[in-house]
Amino acid sequence: MSTVTDDVRTARGVKLGLPLAIGAAFAFGMSGGWARGLIDAGWTPGAAVTARIWVAALVLLIPTVLILRGRWHLLRRNAGIIAAYGLLAVTATQLFYFQAVAVMDVGLALLIEYTAPVAVILWLWIRRGEKPSRRSILGAAIAFVGLVLMLDIVTGADVNVAGILWALGAMVGAATYFVLSAKVDTGLPPLALAGSGLLLGAVGLTFAGAVGILPIAWSTDDIAYRFGTVPWFVPVLAMGVLATALAYLLGIASTRMLGSRLASFVALAEVVAALLFGWLLLGQLPDLLQALGGALVLAGVVVVKLGEPAPPAEFVEPVPEGRARGDR
């Protein structure tokens with residue numbers, strides 16, 4: 001297998017990758033709005049996230065089996081990473097996020113979750129001694145100020161502490177996702193990691209519900225949204241097929257075309273998508289102070305990203321004529 005730097009990409013790859021990355025961000029961003037409708041209709045967050053992950057896992061099952069054909073040993077060799085990815089980076093993140101949107105606006109919950117890059121910087125500093133740059137520290141400070149404004153703390157408004165804690169839990173899970181996704185020496189294809197992780201998460205959630213650890217309750221009543229009512233399976237399929245399976249596939253494809261650094265910037269469009277779908281599906285809109293805080297959070301995350309050191313240059317094997325650089 002040739003060694004390819006993570007951020008080597010062609011102009012054609014960027015041209016194709018950008019719309020795929022934006023599509024992935026908007027697909028991910030719709031999940032909170034659909035889930036809130038289910039929760040308001042009597043579904044527990046555990047039931048909503050279990051349904052979402054099972055649908056996505058079944059959609060990705062065949063592609064995962066095909067890509068692992070003849071390479072099943074990779075699952076055994078990476079069992080620990082798959083377990084952490086499936087149970088923490090995917091399952092815990094989505095469950096905590098759904099718990100948060102049950103009691104607070106969708107867009108605000110996602111904005112708190114998207115302070116994850118700041119948590120990654122702190123983790124690398126504490127764990128590995130990788131001191132952040134001044135720009136990263138400045139970005140973290142900007143994001144913190146934005147978070148304070150976004151939560152209406154300075155105005156003395158009632159703050160839903162449980163919702164904030166759930167959203168911060170989702171942030172930790174998202175940070176775990178970024179840390180695990182940075183591991184490039186596993187030999188496990190990204191699609192196989194996503195598919196196996198989702199399947200493990202679905203089984204784990206089902207077991208937790210069966211033994212009573214995770215409250216599971218659902219209803220087959222129609223679900224009300226801002227535009228009208230729909231059968232219960234419409235939001236379930238939308239979350240599983242569009243907001244999870246399709247989102248992961250688009251995200252994987254776009255990251256290979258754009259490189260992780262550019263793709264992580266484009267992924268911030270998910271916050272805009274969450275606000276948009278929160279308005280379209282639920283009629284939720286932040287007030288002026290919260291909107292200013294949200295803008296500061298996004299600006300802070302961008303500054304943190306700009307403060308990250310550039311990836312080290314690596315040897316790139318010549319690519320045979322007629323073969324794309326990103327092909328494996």
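The chain folds into 14 helices and two strands. Helices here are DSSP runs of H or I with at least four residues, strands are E runs of at least two, and both are numbered from the N terminus. This is a predicted model, in which local features need pLDDT of at least 70, side-chain atom pairs count only at pLDDT 80 or more, and totals for chains, interfaces and linings use all residues. Residues are numbered from 1 along each chain as its sequence is written, and side-chain values use heavy atoms, with hydrogens and water left out.

**Whole chain**

Of the 328 residues in the chain, 45% are buried. Buried means under 20% relative accessible area, exposed means over 50%, and partly exposed lies in between (1.4 Å probe, protein chains only). The accessible surface comes to about 16100 Å². Carbon and sulfur atoms hold 68% of that surface. Areas come from the Shrake-Rupley method with a 1.4 Å probe. Take contacts between residues at least 6 apart in sequence: 89% join residues at least 24 apart. A contact is a pair of heavy atoms within 4.5 Å.

**Nonpolar patch**

V59, W232, F233, L237, V241, L242 and L246 make a nonpolar surface patch of about 540 Å². Patch residues have over 30% relative accessible area and no salt bridge, and their nonpolar side chains (Val, Leu, Ile, Met, Phe, Trp, Tyr) are joined within 5 Å. Helix α11 (residues 233-258) gives the most to the patch, with five residues.

| Residue | Relative accessibility | Class |
|---|---|---|
| V241 | 33% | partly exposed |
| F178 | 30% | partly exposed |

V241 sits in helix α11. F178 belongs to helix α9 (residues 161-181). Beyond its neighbours within four places in sequence, F178 touches A116, P117 and V120. F178 and V120 are 58 residues apart along the chain, yet their C-alpha atoms are separated by 7.6 Å.

**Cavity**

The count is one cavity of 30 Å³ or more. A cavity is a set of points on a 1 Å grid over the protein atoms alone, where a 1.4 Å probe fits but cannot get out; lining residues have an atom within 4 Å of a point. The largest cavity has a volume of about 50 Å³. Its lining is D105, V106, G107, L108, A274, L275, G278, Q284, L285 and P286. Helices α6 (106-113) and α13 (269-282) are the elements that give two or more residues to this lining.

Conventions: Patches are made of residues with over 30% relative accessible area and no salt bridge: like charges are joined within 9 Å, nonpolar side chains (Val, Leu, Ile, Met, Phe, Trp, Tyr) within 5 Å. A salt bridge is a side-chain nitrogen of Lys or Arg within 4 Å of a carboxyl oxygen of Asp or Glu. On a 1 Å grid over the protein atoms alone, a cavity is a set of points where a 1.4 Å probe fits but cannot get out, and a pocket is an open set with protein on both sides within 12 Å along at least five of seven lines; lining residues have an atom within 4 Å of a point. Grid points are joined across faces, edges and corners, and a volume is the space filled by probe spheres set on the points.
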